[in-house]
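The sequence and structure come first, and the text follows.

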Amino acid sequence: MLESDSVTHDSGKADGITEVRRQAALLKTGALQNAILTSAKFSIIATDEKGIIQLFNVGAERMLGYLAAEVVNKINPSDIHDPQEVMARARTLSVELGTTITPGFEALAFKASRGIEDIYELTYICKDGSRFPAIVSITALRDDYGHIIGYLLIGTDNSVRKEVELELNKAMAVAEKANLAKSDFLSSMSHELRTPLSAILGFAQLMESGSPSPTTSQKRSIDQILQAGWYLLELINEILDLALIESGKLSLSVEPISLAEVMHECRDMIEPQAQKRGINVAFPPVDIRYFVQADRTRVKQVLINLLSNAIKYNRAGGTVVVDQISTIPGRIRIRVKDSGAGLTADKLAQLFQPFNRLGQEANGEEGTGIGLVTTKRLVELMGGAIGAESTVGSGSVFWIELNLTAERRVVRGTALSPAAAHRNVQSDAQLRTLLYVEDNPANLMLVEDLIARRSDIRLLTARDGNSGIEIARASRPDVILMDINLPGISGLKALRILAEDPTTAHIPVVALSANAIPRDIQKGLEAGFFRYLTKPIKVNEFMATLDVALEFAKTQSAGARGEKTA
């Protein structure tokens, strides 16, 4: 055989193999296309360039109930969509794209015709009139020159997902309703528990500081009443705090705060308890003035809880040391070290468990077993961490870590200290007027007895919001003390009415309420109360707040007359 014949033979053989492969590929492609077109899980609809249906696959027949022969060359896809939804889509697209789009197939295909990827969700209407939500992807089909020759619509039944979403939304609505009911219950329960406690603790404080002084026997009895009452209040606060945290309803005001200022306030608050038990509390000075991103009130609550425990479970004549160290960049660790008995490894592992007092029930110390749980939740809500280390016989170290911030909170204006305000009020010989709006007889009697000790204040009272407004307009008191839950109109509504009246708008109104849930306090302050005091009344706090309000009223009055205050 000649060489040329050999080459020809080989070439023919190669062409034959290529052709076989091409035919196999075509068969495979055809099989794939056939599998796609006959799929019962997707509706595949192809149209010509005008939108008239040219292909209607098995999936479309199954989903919509039409045979291909009933729709091909007869209708367009918009005819089997919900007409109201198609009209709404046309309006939406007209606004979005800045051009007028007519309802019908143009509303379905407009984006695809402009080369914009488009997947929409509309309702399909079946031959028997039934309906189901569908997710449809629409694409423009083009020839080799880029001209549109038709459109391809691939749809899936979205009913199951819609049903799941509907059930989920229903469940979320039920859960939200339950949470709201729980929050309302907590607020109501707090109010109901605090109202009788207010009378118990208020009158006990009056008796304790009354004249003549109580006898030794009476003093012992009063001390027991006060000790039990304040402990009961602490228990109520801890339970309500934990319930709010667990329900996700506790709101925090996270902002840059000075750690040194918070430490100083905590020291002042804890020293009486430490002195009473003979415990020495030390706060070593810190060279760097740290600022942390946290809720000021809650940081104080956390530190007071740790300090109180360190004192309560310490040995006689023991020590507590509070220091600050930088552990990792961007964080500061505050440690509370005590010289108590310490905890074993198994007890240390049980810390932060609700109602677990780690066997301290037998030592006579009062406690609920939920203070550390609440502390842990609060620290974590502020983005911090908490932990403990302990050695039996040497003591324990409880620590919290908070996030540092370079930002500092700027406080505008100068607030009078309670002591300065008290001096100013006492030096003013003019009789001041206080209006107390309260429907509870015991609370009225308590405040009457408290104000009886102030020769500089004349007390007016009202039993409901409407009467309080009338008396305020007629008497123009210097300060108004307002309960929240009043018959007729609430204290919040009475406050709004007073604020809208030019004759009373300048009068500082102090809330005095058993509604002590944080969201209630925040709501009251946002409504415009000058201060918000909670029941039971703490006599010193009550008097100090009253003095600040009276001084503010004096400044307001002098300002209105164009005078200068000393």
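## Aromatic rings

Phe529 is buried, at a relative accessible area of 4%, where buried means under 20%, exposed over 50% and partly exposed in between, with a 1.4 Å probe and protein chains only. The model is predicted: local features need pLDDT of at least 70 and side-chain atom pairs pLDDT 80 or more, while totals for chains, interfaces and linings use all residues. Residues are numbered from 1 along each chain as its sequence is written, and side-chain values use heavy atoms, with hydrogens and water left out.

Rings of Phe, Tyr and Trp (its six-membered ring) pair if their centres lie within 6.5 Å; planes under 30 degrees apart are stacked, over 60 edge-to-face and the rest tilted. This rule gives four aromatic pairs, including the two in the table.

| Pair | Centre to centre | Angle between planes | Class |
|---|---|---|---|
| Phe529 and Tyr532 | 6.5 Å | 85° | edge-to-face |
| Phe530 and Phe552 | 4.9 Å | 40° | tilted |

Helices (H or I, at least four residues) and strands (E, at least two) are DSSP runs numbered from the N terminus. Tyr532 is buried at 12% relative accessible area and Phe530 is buried at 18%, whereas Phe552 is partly exposed at 32%.

A charge sits over a ring if NZ of Lys or CZ of Arg is within 6 Å of the ring centre and within 35 degrees of the ring normal. Arg114 lies over the face of Phe110, 4.0 Å from the ring centre, and Arg333 over that of Trp399, at 3.7 Å.

## Nonpolar cores

A nonpolar core is a set of buried Ala, Val, Leu, Ile, Met, Phe, Trp, Tyr and Cys residues joined through side-chain atoms within 4.5 Å. The largest has 39 residues, and those with the most contacts inside it include Val299, Leu303 and Ile334. Helix H9 (296-312) is among the elements that each supply at least two residues; its seven residues are the largest share. A second, separate core of 25 residues includes Ala60, Leu64, Tyr124 and Phe132.

## A parallel strand pair

Strands E13 (residues 432-437) and E14 (residues 457-462) run parallel and are joined by six bridges. Tyr436 has Thr461 as its bridge partner in E14.

Key. Two strands pair if DSSP finds at least two bridges between them.
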